[in-house]
Amino acid sequence: MSYENPITGDQILRVGPVNPAVAAILADEFQATVLPGAEERNAWLEEHGTRIRVAVCSGKIGVDSDLMKQLPNLEAIVNFGVGYDATDFGQADQRGILLSNTPDVLTDCVADTAMGLYLDTLRGLSAAERFVRAGTWASGQNFPLATRATGRKVGILGLGRIGQAIADRLEGFKTEIHYHSRSQKEGAAYQYHASAKELAEAVDVLIVAAAGGPDSANLVDASVLAALGENGFIINIARGSVIDEAALVTALQQKTIAGAGLDVFAREPHVPSQLLELDNVVLLPHLGSGTVETRADMTSLTIENLRSYLKDRALITPIS
Ligand code: NAP
């Protein structure tokens with residue numbers, strides 16, 4: 001389709017750092033504009049903000065409330081990543097700004113990461129590796145016994161695309177699967193619980209796979225951790241904001257839960273210093289989707305969304 005008012009490179013804004021392959025395509029194929037850093041940003045936006053019609057961002061940076069207000073003619077936001085909680089979705093919706101993300105293509109890798117954390121956390125694999133490297137095994141000591149990973153009761157908080165892929169993998173570990181989501185899933189063979197707390201009470205391991213954002217902030221609070229109990233484990237591959245991080249640190253320090261496996265944190269890349277001292281927590285640097293293959297698929301889908309918007313004024317994977 002051809003438009004009287006086609007979108008040109010100076011109307012496409014790259015917001016913050018994005019995946020290097022996306023950045024290269026934005027520069028080479030689209031001659032997109034890059035939003036300047038904090039010091040020059042406001043002056044630049046005052047002068048050029050009105051001309052921007054499409055923004056491309058990472059899920060981490062997003063287009064926040066203030067920036068969106070400074071882009072009065074924004075029509076579409078193309079988000080690299082499935083999570084879009086850094087973008088002010090409410091304002092976008094109100095203003096009729098379209099938003100796309102990259103669902104499905106990263107589901108398997110994030111679910112694999114959850115399984116890595118599940119096994120590592122229950123069996124203490126990272127701690128055991130540190131034990132070998134420190135020469136403690138060679139000095140004649142034995143590594144402490146861990147917790148059996150097969151046959152456990154596991155609760156999935158957020159049975160969406162990634163939650164379901166985690167459940168599929170867990171079936172191979174002869175687990176009994178329970179879940180809580182905003183809505184009960186018709187046809188799901190797993191036991192539904194009406195709240196995060198009820199789910200935590202029913203299981204040995206709680207795996208957090210719920211979308212981030214204002215609705216799910218601190219969904220796992222001190223009372224949910226207390227319900228999980230001293231033999232319970234928690235795994236988080238979703239967003240740091242879903243767990244009350246201070247309550248989690250206290251629970252791990254006081255051993256009112258048995259352990260945690262975390263790929264995500266409340267204020268990344270900051271990891272609470274207390275966690276660095278503890279052996280009952282496995283810490284990863286938000287690498288859930290971080291494989292060469294998946295990042296290439298996410299890049300393709302991001303660029304396809306942009307091309308589609310420029311050509312047809314429609315996104316391929318819009319968030320409704
Ligand atoms: P999805 O299919 O949209 O699933 C999200 C699930 O979260 C849905 O089941 C939804 O419930 C549930 N949920 C949302 N708000 C909730 C609330 N307040 N209480 C209870 N459940 C709630 O998304 P996805 O593709 O599975 O991705 C899930 C999340 O994983 C993303 O939003 C992102 O933050 C995170 N993620 C992390 C990484 C990483 O690198 N670690 C990578 C990719 C994604 P309903 O089904 O009832 O709506």
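**Strands, pairs and burial**

Modeller: Strand 4 (residues 76–80) and strand 5 pair in the parallel sense over three bridges. Keep in mind that this model is predicted.

Biologist: What makes strand 4 and strand 5 a pair?

Modeller: A pair needs at least two bridges. Strand 4 and strand 5 have three bridges, so they count as a pair. In one of them, alanine 76 has leucine 98 of strand 5 as its bridge partner.

Biologist: How do you know that strand 3 pairs with strand 1 and with strand 4?

Modeller: Apply the cut-off of at least two bridges again. Strand 1 and strand 3 share four bridges, in the parallel sense. Five bridges join strand 3 to strand 4, also parallel. Therefore both count as pairs. Isoleucine 12 stands opposite valine 54 in strand 3, and alanine 55 faces isoleucine 77 in strand 4.

Biologist: Why are strand 2 and strand 5 called edge strands?

Modeller: The open sheet has five strands, in the order 2-1-3-4-5. Strand 2 (33–34) and strand 5 (98–100) each pair on one side only. That is what the name "edge" records here.

Biologist: What makes strand 3 mostly covered?

Modeller: Buried means under 20% relative accessible area. Five of its five residues are buried, so strand 3 is called mostly covered. Val54, Val56 and Ser58 point one way, while Ala55 and Cys57 point the other way.

Biologist: Which helix lies across strand 3?

Modeller: Helix 12 (residues 292–312) does. Helix 12 also lies across strand 1, strand 4 and strand 5, and runs at about 170° to strand 4.

How values were computed: Residues numbered from 1 in each chain as written. Predicted model: local features only at pLDDT ≥ 70, side-chain atom pairs only at ≥ 80, totals over all residues. Heavy atoms only, no water. Helix = DSSP H or I, 4+ residues; strand = E, 2+ residues; numbered from the N terminus. Contact = heavy atoms within 4.5 Å. Axes fitted to C-alpha atoms, helices over the stretch in contact; angles between N-to-C directions. Buried < 20%, exposed > 50% of the residue type's maximum accessible area, 1.4 Å probe, protein only.
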